[in-house]
Structures are given as C-alpha cells and as structure tokens.
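Let's take a walk through this structure together, going from the overall fold to a few side-chain details.

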Amino acid sequence: MDANKYIGIPFLDRGRFVERGLDCWGLVMLVYRCEYEIELPSYTTTYTSASSATTNDVFSAEKDAWTKVEEPEPGDVLVFYSSGGVHVGILVSPGLVLNVRRGADACIDRLAILGKIMRHVGTYRHNSRLS
C-alpha cells in the first residue's frame with residue numbers, strides 16, 4: 001500500500017467525500033476501497049467520534065466482516081479511545097499508522113506517539129484479508 005497518496009487529505013467531521021474532507025472512518029473507507037476493493041459501510045449515523053460504546057457495537061455487529069487480532073499487519077484497523085471519543089487508523093507498516101483527526105490533515109503517525117495521546121483498545125482485520 002502506498003500510504004503517501006493519502007497524506008494531506010483534510011479532516012472533516014463525518015466526512016465521506018475526499019473532495020471535501022474525511023473523518024477517520026472515512027479515511028479507512030477510502031483506503032479499503034482503493035487498496036483492497038472492499039466497500040465498507042459509512043456508519044455516519046451509527047459511528048460517531050463521541051461514542052466509544054458505538055464503535056464496539058459496530059465491530060461486534062459486523063463480526064462476520066471483522067476479526068480482532070493480537071498481531072497487527074499492514075492494512076489492519078487500529079481503534080483508539082481518547083478524551084475526544086473514538087479514533088481509528090490503518091497500520092501501514094510496523095509502528096506506523098495512517099490516520100486523520102480533528103485539527104490535522106491525514107498523516108502517518110508513529111503508533112508509540114498515538115499511544116501517548118490515546119489508548120489503543122483493539123486491532124481488527126477485515127475477514128476478506130485473513131490469511
């Protein structure tokens with residue numbers, strides 16, 4: 001995956017169109033569509049940046065599509081909690097996460113840095129990508 005082509009996409013709360021901006025789930029949707037030809041649901045009414053319970057519900061409700069994994073691989077979705085709510089990003093290589101968040105354009109952050117400002121609570125792999 002060439003994650004560099006996603007760098008600089010602006011943040012937009014509940015953003016689902018790259019031309020206007022994306023939120024963290026919108027970025028995951030874009031990457032999965034472009035890199036893996038997987039269409040993910042939008043969740044604009046279910047998935048909100050302010051609801052950690054909702055995010056767990058989403059992955060639980062989609063258990064036929066997602067598996068929680070202990071050993072992350074590039075392309076896996078990492079879920080974080082912070083005082084601002086829920087955040088997701090995509091592992092692009094060991095220790096590096098592609099993400100977009102309020103106040104910042106899409107970028108690649110070190111997992112160790114994200115872990116200092118948010119709590120990593122799970123890593124999920126889309127079942128079509130299971131080896």
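This is a predicted model: local features need pLDDT of at least 70, side-chain atom pairs count only at pLDDT 80 or more; totals for chains, interfaces and linings use all residues.

The protein chain contains three helices and eight strands. If you trace the elements in sequence order, the pattern reads β-β-α-α-β-β-β-β-β-α-β. Of the 131 residues in the protein chain, buried ones make up 45%. To see how the chain folds back on itself, consider contacts between residues at least 6 apart in sequence: 58% of these join residues at least 24 apart.

How many salt bridges does the count come to? The count comes to eight. One of them joins Arg102 and Asp13, with an N to O distance of 3.7 Å. Arg102 sits in the loop between strand E6 (96-101) and strand E7 (104-110), while Asp13 belongs to the segment before E1, so the pair links distant parts of the chain, 89 residues apart. Arg102 counts as exposed because its relative accessibility is 57%, and Asp13 counts as partly exposed because its value is 39%.

Another salt bridge brings Lys5 together with Glu35, whose closest N and O atoms are 3.0 Å apart. Here too distant parts of the chain are linked: Lys5 is in the segment before strand E1 (16-17), Glu35 is in helix H1 (residues 24-36), and 30 residues separate them. With a relative accessibility of 23%, Glu35 is partly exposed. Arg33 forms a salt bridge as well, with Glu39 as its partner and 4.0 Å between the closest N and O atoms. In this pair Arg33 is partly exposed at 33% relative accessible area, whereas Glu39 is exposed at 57% relative accessibility.

Now turn to Asp76, which lies in the loop between strand E3 (66-68) and strand E4 (77-82). Is Asp76 buried or exposed? Asp76 counts as buried, because its relative accessibility is 0%. Its side chain reaches the backbone nitrogen of Glu73 at 2.7 Å. Beyond its neighbours within four places in sequence, Asp76 is in contact with a list of residues that includes Tyr32, Val69, Gly89, Leu91, Thr123, Arg125 and Arg129. Two of these names come back when we look at charges: Glu73, Asp76, Arg125 and Arg129 are linked in a network of salt bridges.

Arg129 then leads us on to the aromatic rings. It lies over the face of Tyr36, at 4.7 Å from the ring centre. Tyr36 in turn belongs to an aromatic cluster with Trp25, Tyr32 and Trp66. Searching the whole structure finds three aromatic pairs.

Note on methods. Residues are numbered from 1 along each chain as its sequence is written. Side-chain values use heavy atoms; hydrogens and water are left out. Helices (H or I, at least four residues) and strands (E, at least two) are DSSP runs, numbered from the N terminus. Buried means under 20% relative accessible area, exposed over 50%, partly exposed in between (1.4 Å probe, protein chains only). A polar contact is a pair of N or O atoms within 3.5 Å; within protein, one must be able to donate a hydrogen and the other to accept it, and residues adjacent in sequence count only if both atoms are side-chain atoms. Contact means heavy atoms within 4.5 Å. A salt bridge is a side-chain nitrogen of Lys or Arg within 4 Å of a carboxyl oxygen of Asp or Glu. Rings of Phe, Tyr and Trp (its six-membered ring) pair if their centres lie within 6.5 Å; planes under 30 degrees apart count as stacked, over 60 as edge-to-face and the rest as tilted. A charge sits over a ring if NZ of Lys or CZ of Arg is within 6 Å of the ring centre and within 35 degrees of the ring normal.
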